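Student: I would like to go through this structure term by term. Please set each value against its cut-off.

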Amino acid sequence: MKQVLLRLKRLLALDSPTISTKQLELKTKALIKDRLSDVDRWKNDKELLPNWNERSALLASYITANTHVIEFGAGSMYLKTILHDVKSYTPSDIVKRDENTIVCDLNKPIDFDLTAYDVAVFSGVLEYVYDIESVVKTLRDANINQIILSYCCSDIVTLTRAKNGWLSDYNRLELEAIFFNNGYEIKNYMEWQQQSLFNLIKKNKHS
């Protein structure tokens, strides 16, 4: 596996500060073939775009007060700066952003305890996850009460997914089926720049 990644780096000149759309498309297709995550991309802070903060603010409006929040793909951790009525905020990402970051590759099993958290947030993250249902199941089993997320559904966003580095291509109905089948109901839905924003609440098993 390491040899495959080294060949990709040499082929695509991934150590350079920028990468062309064509290079990204080729790289993404190679990653998909081997079911790997693009760790090299997310090591570069220049990939964390400031216009994503608006999306984070919209997702933050759904967060229930007095809860313990974990953000996957925390990036610049803008979300933390706008949360004022939660009990705690924990960042998680595929690379270590600071001393508090829990390193987690969502394309591998989540191997840390989630039971301390009430709310899980995914802002612009799940496009880079192959098996979203596996992630949702893990959150369900940890009794996460609220999941707040964005996703570029393939039936809403018509952009070439590989050119954006996206590793999955769920449509809206497929996502909603995953949520429903794992015991979550959609309390709120909106769209931001053609991206679908969901506020999911775990259904009471007695309801």
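Tutor: Start with the sheet: seven strands form an open sheet in the order β3-β2-β1-β4-β5-β7-β6, with mixed pairing. The model is predicted, so local features need pLDDT of at least 70 and side-chain atom pairs count only at pLDDT 80 or more, while totals for chains, interfaces and linings use all residues. Residues are numbered from 1 along each chain as its sequence is written, and side-chain values use heavy atoms, with hydrogens and water left out.

Student: What makes β3 and β6 the edges of the sheet?

Tutor: β3 and β6 each have a single partner strand, so one side of each is left without a neighbour in the sheet. Strands pair if DSSP finds at least two bridges between them. Two bridges join β2 (residues 88-93) to β3, and these strands run parallel; the pair therefore meets the requirement of at least two. Aspartate 93 has valine 103 in β3 as its bridge partner.

Student: How many helices and strands does the chain have, and what counts as one?

Tutor: The chain has seven helices and seven strands. Both are DSSP runs numbered from the N terminus: helices are H or I with at least four residues, strands are E with at least two. Along the sequence the pattern is α-α-α-α-β-α-β-β-β-α-β-α-β-β.

Student: How do you know that β5 and β7 pair?

Tutor: β5 (residues 146-151) and β7 share six bridges in the antiparallel sense, and the definition asks for at least two. Leucine 149 stands opposite phenylalanine 198 in β7. β7 also pairs with β6 (residues 184-192), again in the antiparallel sense, over eight bridges. There, asparagine 188 stands opposite asparagine 199 in β7. The hairpin of β6 and β7 has two residues between the strands, and in it glutamine 193 takes a positive phi near 50°.

Student: Why is β7 called largely enclosed?

Tutor: Seven of the eight residues of β7 (residues 195-202) are buried, so the strand is largely enclosed by the rest of the structure. Buried means under 20% relative accessible area, exposed means over 50%, and partly exposed is in between, with a 1.4 Å probe and protein chains only. In the chain of 207 residues, 47% count as buried.

Student: Why is the pair of phenylalanine 72 and phenylalanine 112 called tilted?

Tutor: The structure holds five aromatic pairs. In the pair of phenylalanine 72 and phenylalanine 112, the centres are 6.4 Å apart and the planes 35° apart. Rings of Phe, Tyr and Trp (its six-membered ring) pair if their centres lie within 6.5 Å; planes under 30 degrees apart count as stacked, over 60 as edge-to-face and the rest as tilted. The distance of 6.4 Å therefore passes, and 35° falls in the tilted class. Ring pairs link Phe72, Phe112 and Phe122 into a cluster.

Student: Are phenylalanine 72 and phenylalanine 112 buried or exposed?

Tutor: Phenylalanine 72 has a relative accessible area of 1% and phenylalanine 112 has 18%. Both values are under 20%, so both residues count as buried.

Student: What makes a set of residues a nonpolar core?

Tutor: A nonpolar core is a set of buried Ala, Val, Leu, Ile, Met, Phe, Trp, Tyr and Cys residues joined through side-chain atoms within 4.5 Å. The largest one here has 31 residues, and those with the most contacts inside it are Phe72, Leu114, Phe122 and Leu139. Helix α6 (132-141) is among the elements that give two or more residues to this core, and α6 gives the most, with four.

Student: How do you know that the charged end of arginine 172 sits over the ring of tyrosine 189?

Tutor: The charged end of arginine 172 is 3.7 Å from the centre of that ring. The definition requires NZ of Lys or CZ of Arg within 6 Å of the ring centre and within 35 degrees of the ring normal; the distance of 3.7 Å is therefore inside the limit.

Student: Why is arginine 172 called partly exposed?

Tutor: Arginine 172, found in helix α7, has 28% relative accessibility, so it counts as partly exposed. Serine 134 lies in helix α6 and, at 36% relative accessible area, is also partly exposed.
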